[in-house]
Amino acid sequence: MSTPNSPSMLQALSPSDSGELEQRRVLFAEIDASCRLPVLLLFVSGLTWLLIGTVLAILASWKMHNPGFLADWAWLTFGRVRPAHLNAMVYGFASESAIGISLWLMCRLCRVPLLYQWIIMLAAVFWNLGVLIGVAGILAGDSTGIEWLEIPSYASPILFFSYALIGVWGIITFRFRRQPHLYVSQWYLFAALFWFPWLYSAANIMLVLAPVRGTVQAAVNWWFAHNVLGLWFTPIGLAAIYYFIPKVIGRPIHSYYLSMLGFWSLALFYNWNGMHHLVGGPMPAWLITVSIVASVMMTIPVVTVAINHHLTMAGHFRKMKYSPTLRFMVFGGMSYTVASLTGVLMALRSVSEVTHFTHNTIGHAHVGMYAFFTMVVFGSVYYIVPRLTRREWPSAGLISLHFWAAALGMFLYITALSVGGVFEGLAMDNPDIPFLDVVKGTLPYLRIRTGAAFLLAIGHTAFLINFVWILARLWRPYRQATPMIIAATQPESGPIKP
Amino acid sequence: MIILWLIFIGSLVLLPGTALLALRWAVRRGEFHNLQKAALSIFDEEEPVGLVTDHFPGMEIPDANRRAPRDP
């Protein structure tokens with residue numbers, strides 16, 4: 001299909017000095033300028049929630065092996081701190097960063113500046129308000145008690161209203177796109193923008209506003225909790241990987257056909273996942289079996305993505321040494337494969353009987369939400385922010401510290417909980433071992449987990465310092481002796497009034 | 001209760017159903033006609049194939065194509 005806006009193969013392969021090139025530079029500069037305030041607002045608030053969530057995570061982790069720590073304050077008890085951590089991370093940090101990345105990617109891929117920025121700014125303000133009220137409500141004792149939906153009923157409508165504004169924006173931008181052919185990342189992004197409100201509203205209606213009874217609650221709960229990861233965070237993470245890896249190394253993805261196969265198999269079959277978490281529970285056996293089958297079918301999109309990423313990177317792994325974005329993206333991409341394939345295994349009845357109700361599940365959730373998605377978010381932010389601010393990252397050392405602290409922290413965290421969880425599950429399945437002994441047996445793994453949380457906190461602090469530093473540079477004219485990699489796309493270099 | 005069950009089961013069926021509709025729309029629009037070209041659509045004259053577009057601040061990538069600095 002030939003269109004005036006999509007480049008010919010020859011144009012894509014070799015740069016030219018025509019007026020069209022100048023137009024393209026101006027367009028990219030316009031897009032970045034239009035995204036600057038809304039995306040930076042989302043990133044800054046996301047980073048703030050990341051830090052709040054990190055503090056809550058350390059508290060919760062510490063309490064796992066020192067239950068008396070800060071136990072005299074009701075609002076700091078484990079039952080409140082742990083869901084407050086989860087919701088601050090999921091709806092505060094991860095969702096806001098995901099929306100920010102989606103905005104920038106959609107504008108770049110649609111070749112249109114961000115339209116109606118005020119909609120996004122308004123949505124971001126209300127989203128933050130909703131998360132703030134929600135997390136404060138959880139700490140105050142108003143949690144719904146429903147996994148991944150603990151935010152009280154008086155705060156969740158605010159989140160839904162904010163999201164509706166973002167959804168409207170998504171449709172508008174998609175409608176006015178100048179690039180008629182859709183790239184695979186656009187498919188993932190548009191699908192995620194469509195799926196999330198469906199999941200969130202259906203789950204809230206059935207669990208919070210007009211709760212269903214009995215075991216149906218568990219079915220809906222796990223359907224939501226699993227799908228929000230697979231149909232909200234995963235598509236956005238994969239969209240970012242499919243854009244940034246080829247873009248950074250300057251090489252198209254190995255097989256566009258495989259990328260399409262991966263997307264459509266995810267879109268058609270992922271929705272049936274979730275109920276496999278109820279293996280052994282009082283649920284219709286066919287419902288659980290269907291979920292197990294759907295989980296095993298997820299091998300198709302996972303393997304297609306893994307093959308595609310690996311063969312795209314083949315011969316270019318050396319560039320990870322020089323590119324922060326590539327480093328985080330490849331780590332995230334590999335973790336996606338690990339998270340998904342172990343998820344397939346854990347869905348099997350024989351494995352689930354051991355691993356469910358153990359710390360192994362928590363480790364698995366962190367492979368998906370942190371080692372995959374959060375690392376992809378970090379990589380994306382390292383690419384996008386210099387283009388929005390027209391400034392280089394101030395410190396390469398802080399980026400390296402961030403990466404290694406996060407990577408090492410995650411390695412320790414996942415290893416400890418995965419191994420410890422299996423031992424815990426085997427012990428729990430043995431009627432000769434008293435339950436208290438099982439609990440005591442997990443303590444060494446829980447202490448390693450707390451150590452890992454401190455490492456992650458060091459990485460987050462390094463990220464925060466670099467982020468505040470680059471924002472502080474906005475008020476100063478840019479003076480850089482060597483040409484920046486972003487210089488050609490940016491026509492100006494004076495101070496920016498944010 | 002029955003209505004809520006219908007919402008739940010309906011979601012399980014309708015979500016893949018909308019994906020099927022989107023797939024039909026994509027096939028009719030010719031989204032799968034030229035896959036090689038689709039893979040190249042993120043590259044253009046400004047950021048062509050072969051150009052490395054990210055590196056640590058102040059670090060050079062050996063043997064990598066870099067964009068020439070702009071005229072002042």
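Start by selecting helix α4 of chain A, residues 117-140: with 6 residues, this helix gives the most to the nonpolar patch. Keep in mind as you click around that you're looking at a predicted model.

Now bring up the whole patch. Select A:Y116, A:W118, A:L122, A:V125, A:F126, A:L129, A:I133, A:Y154 and A:F161, and show their surface; together they make a nonpolar patch of about 870 Å².

Zoom in on one of these, A:F126, which sits in helix α4 of chain A.

Next stop: helix α10 of chain A, residues 299-313, where you'll find A:L311. This leucine has 34% relative accessibility, so A:L311 counts as partly exposed too. Which residues does A:L311 touch, leaving aside those up to four places away in sequence? Pick A:R251 and A:H254 to see them. Then try a distance label between the C-alpha atoms of A:L311 and A:H254: they are 57 residues apart along the chain, yet the separation is 5.9 Å.

Last stop: A:T442. Look in the loop of chain A between α15 (435-441) and α16 (443-472). Here the relative accessible area is 6%, so A:T442 is buried, the cut-off for buried being under 20%.

Notes: Residues are numbered from 1 along each chain as its sequence is written. Chains are lettered from A and ligands numbered from 1 in the order in which they are written. This is a predicted model: local features need pLDDT of at least 70, side-chain atom pairs count only at pLDDT 80 or more; totals for chains, interfaces and linings use all residues. Side-chain values use heavy atoms; hydrogens and water are left out. Helices (H or I, at least four residues) and strands (E, at least two) are DSSP runs, numbered from the N terminus. Buried means under 20% relative accessible area, exposed over 50%, partly exposed in between (1.4 Å probe, protein chains only). Contact means heavy atoms within 4.5 Å. Patches are made of residues with over 30% relative accessible area and no salt bridge: like charges are joined within 9 Å, nonpolar side chains (Val, Leu, Ile, Met, Phe, Trp, Tyr) within 5 Å. Accessible areas come from the Shrake-Rupley method with a 1.4 Å probe; for residues, only the protein chains shown count as cover. A salt bridge is a side-chain nitrogen of Lys or Arg within 4 Å of a carboxyl oxygen of Asp or Glu.
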